[in-house]
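I opened my notebook to record what I looked up in this structure.

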Amino acid sequence: MPTLLHLDSSPLETSISRELGREFVKTWKAAHAGASVIYRDLAVSPPKPLDAEWIFSSFTAEGSRSAEQTAALALSDELIDELDRADEYVIGVAMHNFALPSVLKLWLDQVLRRDKTFAYGASGPVGLLKGKKATVLVATGGMYEIGTPAGALNFVEPYLKIVLGFIGVTDVTFVTASGTARIRMGDIDRETLLAPVLERVREVAA
C-alpha cells in the first residue's frame, strides 16, 4: 500500500498551510484505503543546523565513520529513510519573508546528501528519489503568483522546484492560498478565501 510523508513547517497551530495539509491527508487517506502516513512537524521538532561535525561526517565513507560521526548523521539518516519509504509527499509551507520557513530549510539541509538522495554521474548530478510525487501547500500573506510583477518576490515555488528536482522529485504540484493577510484586515473571511483552495487540495489529493 502507498505511503504518504506529511510535513508541516508553520509555527502557528492555526495556520492556513496546516489546515490545507490536514484536508489533503484526509482526502488522500479516503482515496487510499489501508495506506499509511508518516507525519513530521518541523516547527515542533526542528532539525539541527549543519555544523562542522556533520559536514566532515557526511564526507567520510560510511564504513570508516566513528561512532560519533554516525551519531552526527543519525537524524539525517532517519529523515532520508522517511523520504525513501514514502511514495508521495505533501509539504505545508507558510511563506516567511518571501521564502521558506527556516525549519523547512533545515530539513532540506539534512536530506540533501550525496549518494543518499543525489549522486554525480558522468553527465552531472542525478536525483535518486525516482518515481515520487510531491504536493506543496503554500500560504502567503500577499499576492505573489509566479508570472505577476510581485511574483519576482516569490522564492518559495522556484526554490522548491529546483531542490526537489535535484533529488529526483520532478512531479511537483503547488496549491497556494494567496492574500491571506486580507483575513486579518477584515477584507474577507477565512472560509470564503479558503473554499476554492480547499477544493483544489481535494482534487490533487484524490
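**Entry: ground rules**

I began with surface patches: these are made of residues with over 30% relative accessible area and no salt bridge, with like charges joined within 9 Å and nonpolar side chains (Val, Leu, Ile, Met, Phe, Trp, Tyr) within 5 Å. Accessible areas come from the Shrake-Rupley method with a 1.4 Å probe, and for residues only the protein chains shown count as cover. A salt bridge is a side-chain nitrogen of Lys or Arg within 4 Å of a carboxyl oxygen of Asp or Glu.

I noted that this is a predicted model, where local features need pLDDT of at least 70, side-chain atom pairs count only at pLDDT 80 or more, and totals for chains, interfaces and linings use all residues. Residues are numbered from 1 along each chain as its sequence is written, and side-chain values use heavy atoms, with hydrogens and water left out.

**Entry: a nonpolar patch**

Which residues make the nonpolar surface patch of about 300 Å²? I found Leu50, Ile55 and Phe59. Leucine 50 sits in the loop between strand 2 (36–41) and helix 2 (52–58). Helices (H or I, at least four residues) and strands (E, at least two) are DSSP runs, numbered from the N terminus. Leucine 50 is partly exposed, at 32% relative accessible area. For these words, buried means under 20%, exposed over 50%, and partly exposed in between (1.4 Å probe, protein chains only).

Proline 47 is in the loop between strand 2 and helix 2. Is proline 47 buried or exposed? With a relative accessible area of 6%, proline 47 is buried. I also checked its distance to leucine 106: the two C-alpha atoms are 5.8 Å apart, while the residues are 59 apart along the chain.

**Entry: two pockets**

Rolling a probe the size of a water molecule over the atoms shows where empty space is left. On a 1 Å grid over the protein atoms alone, a pocket is an open set of points where a 1.4 Å probe fits, with protein on both sides within 12 Å along at least five of seven lines; lining residues have an atom within 4 Å of a point. Grid points are joined across faces, edges and corners, and a volume is the space filled by probe spheres set on the points.

The largest pocket has a volume of about 360 Å³. I counted 18 lining residues, and Leu12, Ser15, Ile16, Thr180 and Arg184 lie nearest its centre. Helix 1 (16–31) and helix 7 (181–185) are the elements that give two or more residues to this lining. Helix 7 supplies the largest share, 3 residues. By class, the lining of the largest pocket has 8 nonpolar, 8 polar and 2 charged residues. Here Ala, Val, Leu, Ile, Met, Phe, Trp, Tyr, Cys and Pro count as nonpolar, Asp, Glu, Lys and Arg as charged, and the others, Gly among them, as polar.

The second largest pocket holds about 290 Å³. Its lining has 13 residues, with Ser58, Phe59, Arg113, Arg114 and Asp115 nearest the centre. I sorted that lining into 5 nonpolar, 2 polar and 6 charged residues.

**Entry: salt bridges**

Side chains of opposite charge can pair when their charged atoms come close. How many salt bridges does the structure hold? I found 15.

One joins glutamate 62 and lysine 116, at 3.9 Å, N to O. Glutamate 62 is in the loop between helix 2 and helix 3 (67–72) and lysine 116 in the loop between helix 5 and strand 4 (118–121), so the pair ties together parts 54 residues apart in sequence. Glutamate 62 is exposed at 56%, and lysine 116 is partly exposed at 29%.

Another pairs arginine 202 with glutamate 199, at 3.2 Å, N to O. Both lie in helix 8 (residues 190–205), 3 residues apart, about one turn of the helix.

Most residues other than glycine have a negative phi. Asparagine 97 has a positive phi of about 50° although it is not a glycine. I placed asparagine 97 in the loop between strand 3 (88–94) and helix 5, and it is exposed at 73%. Aspartate 115 also has a positive phi, about 70°. Aspartate 115 lies in the loop between helix 5 and strand 4 and is exposed at 56%.
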